[in-house]
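Subject: Structure for your review: salt bridges and aromatic pairs

Dear colleague,

Please find below the structure that I am handing over to you. My notes on its side-chain contacts come after it.

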Amino acid sequence: MFVIIGIVVVFVSIIGGLIVAGGNPLALIVPAEYIIIGGSAIGSLLIANPLPILKKIISGAIGTIKGPKVNKASYIELLQLLYELFQFAKREGLIAIESHIENPEQSSIFSKYPTFLANKNAVEFLTDTLKVVLSGGVPAHDLEELMDIDIENILEEEQVPAQSLQTLAEAFPGLGIVAAVMGIIVTMASVSEGAEAVGHHVAAALVGTFLGVLMCYGIIGPTASIMNKIVQKEVKYLQTIKAALLAFAKGAPASVAVEYGRRSIDPENRPSFQETEQAIKQAR
């Protein structure tokens with residue numbers, strides 16, 4: 001929501017400032033410059049990224065409007081799931097959770113928590129780690145290293161769309177210069193038409209430079225930045241799972257393992273001790 005508000009503020013400020021300065025906003029409508037910059041940007045994006053990454057860039061950009069999927073409610077649901085899973089393993093034995101982690105979608109435990117099930121990375125991270133725990137003979141420090149490797153790989157993969165979009169943002173000023181140079185070429189070809197025609201063509205050429213800088217610093221760059229922040233929040237979700245799993249693997253009671261997970265949540269989304277306790281009671 002704030003992304004849309006921000007974009008509106010950017011355009012209102014620019015157009016409003018132009019009007020206050022006595023300019024004509026219609027002078028910014030130069031289709032040729034938009035075609036050159038927009039087409040070049042799309043082409044460079046297609047050259048630099050395979051189809052799967054392009055899809056992620058589009059979905060990530062749309063996701064900035066919706067905001068991060070990870071919030072306080074999703075963390076409370078995660079803590080409930082972890083508590084119920086750990087408690088079940090303590091009560092029935094580790095082997096009893098095998099059927100649940102092999103088919104989480106059909107699990108009577110996991111199916112209670114749809115928000116978690118919708119997070120593919122989190123589901124795979126939790127179930128794969130529990131499978132390692134079930135195999136036995138893995139010291140806690142080795143388990144921690146294994147989870148760190150997984151989180152690092154997930155982070156690296158999920159950051160690619162934002163990095164690709166940032167690269168595109170940095171290219172926009174250059175594309176704006178290209179459009180401006182093309183405009184100057186047209187201008188030089190129309191010198192014989194008089195000063196008024198030359199002035200019109202120069203103004204049109206400068207729109208290319210203006211558009212390139214605007215897209216870099218006002219639209220695409222900030223969008224890439226918020227995409228990266230959303231990825232960081234989703235990785236923090238995995239780190240919460242890691243903290244709880246590590247405590248559980250060391251033999252901590254279910255409630256204590258969940259508390260380790262709660263303490264690893266960022267302050268913005270961290271439920272209070274009382275809220276967590278209430279959530280655990282509901283899970284019971």
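This is a predicted model: local features need pLDDT of at least 70, side-chain atom pairs count only at pLDDT 80 or more; totals for chains, interfaces and linings use all residues.

Residues are numbered from 1 along each chain as its sequence is written, and side-chain values use heavy atoms, with hydrogens and water left out.

Salt bridges

The search of the whole structure returned 10 salt bridges, each defined as a side-chain nitrogen of Lys or Arg within 4 Å of a carboxyl oxygen of Asp or Glu.

One of them joins Lys 72 to Glu 275, with an N to O distance of 3.1 Å. This pair links distant parts of the chain, since Lys 72 belongs to helix α4 (residues 72–92) and Glu 275 to helix α11 (residues 273–283), 203 residues apart. Helices here are DSSP runs (H or I, at least four residues), as strands are (E, at least two), numbered from the N terminus. Lys 72 is partly exposed at a relative accessible area of 32%, and Glu 275 is likewise partly exposed at 32%. For these classes, buried means under 20% relative accessible area, exposed over 50%, and partly exposed in between (1.4 Å probe, protein chains only).

Helix α4 also contributes Glu 84, which is 28 residues apart from Lys 112 in the loop between α5 (98–102) and α6 (114–117). The side chains of Lys 112 and Glu 84 form a salt bridge at 2.6 Å, N to O. Lys 112 is partly exposed at 49% relative accessibility, while Glu 84 is buried at 13%.

A further salt bridge, at 3.3 Å N to O, connects Glu 92 with Arg 91. Glu 92 is partly exposed (46%) and Arg 91 is exposed (55%).

Aromatic pairs

The count of aromatic pairs is 3. Rings of Phe, Tyr and Trp (its six-membered ring) pair if their centres lie within 6.5 Å; planes under 30 degrees apart count as stacked, over 60 as edge-to-face and the rest as tilted.

Among these pairs, Phe 86 and Phe 248 are stacked, at 4.4 Å centre to centre with 5° between the planes. Phe 86 lies in helix α4 and Phe 248 in helix α9 (residues 195–249), so the pair ties together parts 162 residues apart in sequence. Phe 86 and Phe 248 are both buried.

With kind regards
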